[in-house]
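Q: I would like to learn how the features of a model like this one are read, one at a time. Could we start with charged side chains and go on from there?

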Amino acid sequence: MTNSASRPRFRFVDLFAGLGGFHVALKELGGHDVFAAEWEPALNTLYTKNFELEDVWKDVSDLKNAAVISRVVPDHDVLTAGFPCQPFSKAGEQLGFEHTLQGQLFFKVFNILKVKKPRHFILENVPNILRHRDGKTLRTMIAKLEGIGYAVKIHRYSPHDFGIPQVRERAYFVGSLDGLDDFQWPKESDDPTDIRAVIDAKATEVRGIPKQTDHAIDMWDDFLKRSPAGVKLPSFPIWSMEFLATYPYQDETPPALWKELGPIGLASVRGSFGVRLDQLTMEQQHERIPSHARRAGDYVFPRWKQTFIKQNREFYQSNMAWIDPWLAKWRPWDLPSSLQKFEWNAQGGERRIDAYVLQVRASGIRVKRTKTAPSLIAMTHTQVPILGADLAGHRRYMTPNECAKLQSLDGIALPKSDLAAYKALGNAVNARVVQAIAEPLLADLITGDGREPLLAVA
C-alpha cells in the first residue's frame, strides 16, 4: 500500500461495505469516506469502529427514490460497491436480477449513480456475472450505466495477479463520466507467491480440525503414498465411490431406470463402492448410489459428468492392485460423500499431503501447491484452508488473521467470532487489488491535476 498525504484529495462512498476493502484501498490513495452502507449489524458496528465514522447507513434498499438519495447520500467523486454476488454465482441458483432481494441491489447502486453522478465508480462481483444468462445480465448493466453517461470497462483479476498467494478471481467494473480512453488496467505481477508469506508461526489455533476430517486427510495421504511412482495421479476429481460401481451412466441413468422400471431396473448392477442393489427397495438403492448420480429428473447426465465417471472407473481398473488394499483399510464408504472425493492439484509434486494447502469442499478434499491458497469464500469453518504440518508445524486451519492477510486487510479489527470473521473475509473485496485498479482510474484526483473534485475537502 502507498502512503496517502495527510489532506484527503477526494470523497468516496462505500456500498455493501463489509469489512471495508474499498475503504482501505481508497484511503491509502487519499480518499475520504463520506458515506458507507452495510446491512449486517455486527459488520456495520465494526466498520464504524475500524474507520472512526460517526454512523454507517444500514440498508441500501431504504434509499427508495431520488429525493431520499439526494437528502441522505452526500456528493462524492467516487462510488464503490461490491454488491451481493450470490444471485450470479455458479454455486447458487443464478437467479440474477430475478432474485427478489439481492438480485435487485445492482439497481440500487445504479439509482445512486444516476442521482449523484460521481465522476468515477468501481464495482466488484463474481466472474460468472459476465456470462450470466448468456451475457444478458452484463449487457443490461452496461446499457444502464452508459445510458446515464458513463464509459465502462471490465476486467477479471485475482489477488495472485498482484503477488498475493490466493487464487480468487473477481470481475471489476470501472466507470467514468470523463471517458476511459486514457485508462489502463494495472499490469499483472510475475513475482512468485507462496502461502508461507502470510503464515504466522506463533499463531494460536482457533478451532481444531474435526476428527472425521482429519481421518479423511490421513486416508488420502495413504492413497498418495500407496500410488506407484510410475502411475500418474488423476488431474480429474477422484470419486472413490465410483471404484467397483457398475450402474449405467451413458445411455441410461439410475433416475431414468427408476422411473421406467422401479427397483428392478438396477437389480443387476452395483452402486457406490460395488455394493449390490438387488433385492433392495428403491429408497434403499437410492442411498447406495452416489449423490451425483441419483438426483430426481437427471435422466441424461451431462457430458462432463459422464467423463468423470468413466475416468474414475478406468483409473480403478488399471490400479486395483493397490487401491483394493487401501479400500479395505480405510472403508471410505463410512465417510460423508464430500470426504470420499479428492482433488490433486499438485501434479509432479511430492506425494505427501502435509506438504500442501488443503480445503474441504462439497467437491472433495482439494490439495493445492503452496504458491497459492484456495479461494476464500463466505465459508463455514469447515471450508477454511488447512495448512499441512510441513507449513505450520502441525496440521491446522488458517487463522482469521492469516486469512485477512490474503485479503490485504491485516491492519483492521475483525469480528470476535472466528466463524463470523471467516465469513466476512470470504465476502470481502481485496484491498490491494482495488488499489491497483483505482490508482490509474483516479490519477487526476490523487495528484490534484485536472478537474477539481465535486466538493472541497476540508
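A: A salt bridge is here a side-chain nitrogen of Lys or Arg within 4 Å of a carboxyl oxygen of Asp or Glu. The model is a predicted one, and by this rule the count in it comes to 23 salt bridges.

Q: How far apart are the closest N and O atoms of Arg226 and Asp222, and how does helix α6 separate the two residues?

A: The closest N and O atoms of Arg226 and Asp222 lie 2.6 Å apart, which falls under the salt-bridge rule. Both residues belong to helix α6 (residues 211-226), where a spacing of 4 residues separates them by about one helical turn. As for accessibility, buried means under 20% relative accessible area, exposed over 50%, and partly exposed in between. Asp222 therefore counts as buried, at 15% relative accessibility, whereas Arg226, at 29%, counts as partly exposed.

Q: Which residue forms a salt bridge with Glu314, and are the two partners buried or partly exposed?

A: The partner of Glu314 is Lys310, with 2.7 Å between the closest N and O atoms. The two residues both lie in helix α9, again with 4 residues, or about one turn of the helix, between them. Glu314 counts as partly exposed because its relative accessibility is 41%, and Lys310 counts as partly exposed at 37%. Salt bridges can also share partners, and in this way Asp214, Asp218, Asp354 and Arg395 are joined into one network.

Q: What is the N to O distance in the salt bridge of Arg196 and Asp194?

A: The side chains of Arg196 and Asp194 meet at 3.0 Å, N to O. Arg196 is partly exposed, at 46% relative accessibility, and Asp194 is partly exposed as well, at 26%.

Q: Which residues of helix α12 are buried, and what do they pack against?

A: In helix α12 (residues 418-427), the buried residues are Asp418, Ala421, Tyr422, Ala424, Leu425 and Gly426. These buried residues pack against α2 (41-50), β12 (396-397) and α11 (400-406). At the start of α12, moreover, Ser417 places a side-chain oxygen within 3.3 Å of the backbone nitrogen of Leu419.

Q: Finally, where does Gly208 lie, and how many residues along the chain separate Gly208 from Thr382?

A: Gly208 lies in the loop between β6 (170-176) and α6, and at 45% relative accessibility Gly208 counts as partly exposed. Along the chain Gly208 and Thr382 are 174 residues apart, while 10.0 Å separates their C-alpha atoms.

Note on methods. Residues are numbered from 1 along each chain as its sequence is written. This is a predicted model: local features need pLDDT of at least 70, side-chain atom pairs count only at pLDDT 80 or more; totals for chains, interfaces and linings use all residues. Side-chain values use heavy atoms; hydrogens and water are left out. Buried means under 20% relative accessible area, exposed over 50%, partly exposed in between (1.4 Å probe, protein chains only). Contact means heavy atoms within 4.5 Å. A polar contact is a pair of N or O atoms within 3.5 Å; within protein, one must be able to donate a hydrogen and the other to accept it, and residues adjacent in sequence count only if both atoms are side-chain atoms.
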